[in-house]
Amino acid sequence: MTESLTQPRPETAGTGVVRPTTVAEAAQVLSGSTGSVLFRGGATQLDWAGRVPDPDLVVDTTDLSGVLTHNPGDMTASVRAGTTLIALQDQLAGAGQWLALDPPTASAGATVGGLLATGDSGPSRLRYGGIRDLVIGVTIVLADGTVARSGGHVIKNVAGYDLAKLVHGSLGSLALVAEVVVRLHPLPERSVTFTGDADAAQATAAALALAASPLEPAAVEWASAADAGRLLVRVDGTEASVDAAGRSLTELLAGLGVTLTALSAPDATSAWQAHAAAVVGSDDETVVRVAGLPSDLADLAGSAQDAARVADLRVVVVSSAALGMHTVRLSGGSPTGHAQALTQLRGRALERGASVLLRRRSPELDGLVEALGPPPSSADLLRRIKAEFDPTGRCAPGRFSPWF
Amino acid sequence: MEDRGTVTVLTPTDQPGPAPETPTHLSPPTAGAALADQLRAQLAPDRIITDLTRLRTYECDGITGYRVVPALVALPESTDEVALVVAACARAGVPYVARGAGTGLSGGALPVADGVVISLARMRRVLDVDLVNQRMTVEPGVTNSDITKAVAAHDLYFAPDPSSQTVCTIGGNIAENSGGAHCMKYGFTTNHVHAMTLVLPDASVVTVGGDGAEQVGPDLRGAVIGSEGTLAIATSVTVRLLRKPEAVRTLVADFASAEAAGEAVSGIIAAGIIPAAVEMLDALAIEACEAAVHAGYSLDTAAALVVELDGPTAECDEGFARVEEICLEAGATHLRFAADPDERMLIWKGRKAAFAAMGRISPDYFVQDGVIPRTRLGEVLARMQVMADDAGLRVANVFHAGDGNLHPLVLYDAAVPGESERGEHLSTAIAELCVEMGGSITGEHGVGTDKACSMPKMFSEDDLAVMKRLRAAFDPDGISNPGKIFPTPRLCGERPGPYRVHPLEAAGLIERM
């Protein structure tokens, strides 16, 4: 990839990379160029869904960064899209606040704009919502350089269409996310993480019991392991409330045969780091994200294990148990085996009403299996939206192929 | 709070307010008559209304200053029937307006002349309740309160709580992205919907969202929620239910000035507490509320705060003790604690009566719905006072103080020449002041017909043009609720009428905040 270009030169063969520093520059780059374009932030989630083959231009948002405003009293902040989540959190922490997101790619440099484009989230989604629930305003740049803003800087606002929702999950196929306004939360005074061994059935029961209780845990996660699996439960609150909640949830889960123990702060940090790494996976793996009903955890985890066994692959399942979101990582075996397992798992998950997104796979898989499953009922509508926002089809062509 | 939806029980004699500005048809125009015949053949004949007296039931929503009699009203009872009506409209090139309970406060359900109103009032079935996964699928005509009622015995509830919730429908909540007094902590309708079945303007039926918390591709569910009926009609909705909080604590704190009350709110936020609700009333608003409801608010105070915390008991109690300290530090002159659920309900009844109660202290008034960054409250109050003095009018204030959503009530007397115009001008100027302060022209009532002309104050031409691209993708012919949200020369030449008490409100069936 040529990294030296500062202006788009679509006539040049190969990929040019531009790094605008302002929204106006980004608009100029897009209005002054033609050809396919890939928007890139921290490059931590570029493999999701269909591949974008050899774009003519990469708009890299690395330099489109910086916190524009932070109003602690209003609990809002606005950032340029290329601001990494880590940099934002560092700045907010000074005021005792955070953007209540903990996606697994944060440590690798995921940007706020990239996270909106992918819709990725982490364990804390259970208590604080996902990025779709935390973004209150957005500025986007369309393929033709048109700059548009929706929402604003106030949490409560129903004026106009919510374009942030439209680009959420669009994986760069509709427009460049250029600036983002978010609502913030106070950093919890104290967080305590509990862990305990649990198989998929116990994890399902535990997640449902916690959801039915008034305990309001911040995170309920599960990861499979050779000897069944392990739960991670986090409680956020004040000194006193965390202790009270900890006692209640330990008692509640003991009734389900799960023995929880509290982790020390350093152990909790390492446990969550390892958990995030287990969601991200590695280049030689096939990583599939499945989201369904929370009560289907054991069923979906079982389907993943069945699919892996048939194709003679190793499998790890990592679940946001109370949210019904699962990351399935397949490794070992042959590309054909991965394709077979993916097809089988996807079929089973779709039958259960779950959504399925292929997040990573080796290039050898590309000819063997479709990146996306069958098109949704909204595929025609998505095509019309694509045609309105990106009539020449230059934004991330192939990303949602063959849906749109 | 937003009041949404439709009223099918109104009769013309129930309707207060000025005479219709739009000429009403003595008989439906030809296109409407042909469409009516066609739909009568497809739906049961009694579910197509063309009688003028009955049509006038649908001529306005909760903002009664705008009135248009539609050509016909259809009352479908299923997704297929909605699609059938939409298909007939699409073929005939006739615009349609979906309607829930007709309680909206921005003219979002205002009919289009010669157009069709699609009332979802007969689609009231609960389709599925999944207690284990805490969700429920309902038809759009189910009221907001009935969702919670259906699962209350299981300690679950639907979080958005617009004050018209006993009447307004989930379909209307989706159109307006309704919030409620508790949305600072719990968010809006968009944060509480898993999936929807939609009928698009080309009559196709699609599902957006799904069982899972994540979906593949753009968030169409989020794009449609809050689009005020201009993109699609939701014909089934799967909502997310929450576990009832273990504890709820409510207090009322009196302050010698609105600024001091504002300081207390800032102190609460700075302490890292997210209240379930923080509401502020000024002296004029308290006077009106007490005259109407006798909820026990102090009549001799300049401002009162209602602060409510909820959550796990330990967390809630600890936070509540801190809130008490902060209020006293900010100079609270009196604190009242809700001793039990009944007293809590009474406090809320007083607060929620604010709009309707204004009739006790003023013959006429406009309701405003602006949002400001909360930290600019003092500045905005001072500016509003100067503006009110300049206009020679009184302004009563009720706020969702936690999230900066202001509901200034501009009081005037239509019998005094020139006051209506001054009042209307002042109300619009206040909304636009909110934009100048970095806020919004509407926090929950929607843009609808009422505020379309203020949209250019908040958004650039390009912003609006890009939003229209989204509309074009859903509705290329512009037949789904045309004339709403986006300014048009025709609309922006017309003047809104004054706020009037909605008949259901007068009857005590709905409340507004």
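**Two chains and their interface: questions and answers**

Visitor: How many residue pairs are in polar contact between chain B and chain A?
Guide: This is a predicted model, and the count takes in pairs in which both residues are at pLDDT 80 or more. Between chain B and chain A, the number of such residue pairs in polar contact is 28.

Visitor: Which helix gives the largest share of the side of chain B that touches chain A?
Guide: Several elements of chain B each supply at least two residues of that side, among them α6 (183–186), β9 (205–209), α10 (313–329) and α16 (461–474). The largest share is 10 residues, and the helix that provides them is α16(B).

Visitor: What is the area buried between chain B and chain A?
Guide: The size of an interface is often given as the accessible area lost when the parts come together. Here 80 residues of chain B are in contact with 77 residues of chain A. Carbon and sulfur atoms give 58% of the buried area, which is about 6200 Å².

Visitor: Which three residues supply more than any other three of the area that chain B buries against chain A?
Guide: Together they supply 13% of the area that chain B buries against chain A. These residues are Glu214(B), Val216(B) and Arg469(B).

Visitor: Which residue of chain B forms a salt bridge with Arg132(A)?
Guide: Across the interface of chain B and chain A there are 9 salt bridges. In the one formed by Arg132(A), the closest N and O atoms are 2.7 Å apart. The partner of Arg132(A) is Asp219(B).

Visitor: Why does the radius of gyration of chain A agree with that of a compact globule?
Guide: Chain A has 404 residues, and a compact globule with that number would have a radius of gyration near 22 Å. The value for chain A agrees with this, because it is 21 Å.

Visitor: Is Thr301(B) buried or exposed?
Guide: Thr301(B) lies in the loop between α9 (283–293) and β14 (303–311) of chain B. Its relative accessibility is 7%, and the cut-off for a buried residue is under 20%. Therefore Thr301(B) counts as buried.

Visitor: Which residue has its backbone oxygen reached at 2.8 Å by the side chain of Thr301(B)?
Guide: The side chain of Thr301(B) also reaches the backbone oxygen of Ala303(B), at 3.2 Å. At 2.8 Å, the backbone oxygen reached is that of Phe255(B).

Notes
Residues numbered from 1 in each chain as written. Chains lettered and ligands numbered in written order. Predicted model: local features only at pLDDT ≥ 70, side-chain atom pairs only at ≥ 80, totals over all residues. Heavy atoms only, no water. Contact = heavy atoms within 4.5 Å. Buried area = accessible area lost by both parts, 1.4 Å probe. Salt bridge = Lys/Arg side-chain N within 4 Å of Asp/Glu carboxyl O. Polar contact = N/O pair within 3.5 Å; in protein donor to acceptor, adjacent residues only side chain to side chain. Helix = DSSP H or I, 4+ residues; strand = E, 2+ residues; numbered from the N terminus. Rg over C-alpha atoms; globule rule 2.2 N^0.38 Å. Buried < 20%, exposed > 50% of the residue type's maximum accessible area, 1.4 Å probe, protein only.
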